Amino acid sequence: MWVEVHLTATLRHFLPPGTIGDHVGLELPVGTTVGQVVHSLRVPDELERLTIVNGRDAGPDHVLSDGDVLSLFPPLAGG
């Protein structure tokens, strides 16, 4: 299956080498979870982040589907 992965701000440097921009398309086995993708990109577990699939909050056990868009954001602050 194919999944588009977006990493923003400080998380961009975890994209695979040679990636242009803030996103990459990944070919993944059926049944891959958000957590497995995060791990494969070598994003440290202790690094706080928001994970969104197709515009909705998704935890590490969320199973991805073909065509999904997974976005990772660092925590946002402001006022």
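Helices (H or I, at least four residues) and strands (E, at least two) are DSSP runs, numbered from the N terminus.

I note that this is a predicted model, in which local features need pLDDT of at least 70, side-chain atom pairs count only at pLDDT 80 or more, and totals for chains, interfaces and linings use all residues. Residues are numbered from 1 along each chain as its sequence is written, and side-chain values use heavy atoms, with hydrogens and water left out.

Next I checked H6, which lies in strand 1. Is H6 buried or exposed? H6 counts as buried because its relative accessibility is 19%, and buried means under 20% relative accessible area (1.4 Å probe, protein chains only). Leaving out residues up to four places away in sequence, I found that H6 touches D22, H23, V69, L70, S71 and L72; contact means heavy atoms within 4.5 Å.

Last I looked at strand 3 (residues 50–53). Strand 3 pairs with strand 5 in the antiparallel sense over 4 bridges, where pairing needs at least two bridges found by DSSP. L50 stands opposite F73 in strand 5. Strand 3 also pairs with strand 4 (residues 56–57), again antiparallel, over 2 bridges. In the hairpin of strand 3 and strand 4, N54 takes a positive phi near 50°.

Methods
Buried means under 20% relative accessible area, exposed over 50%, partly exposed in between (1.4 Å probe, protein chains only).
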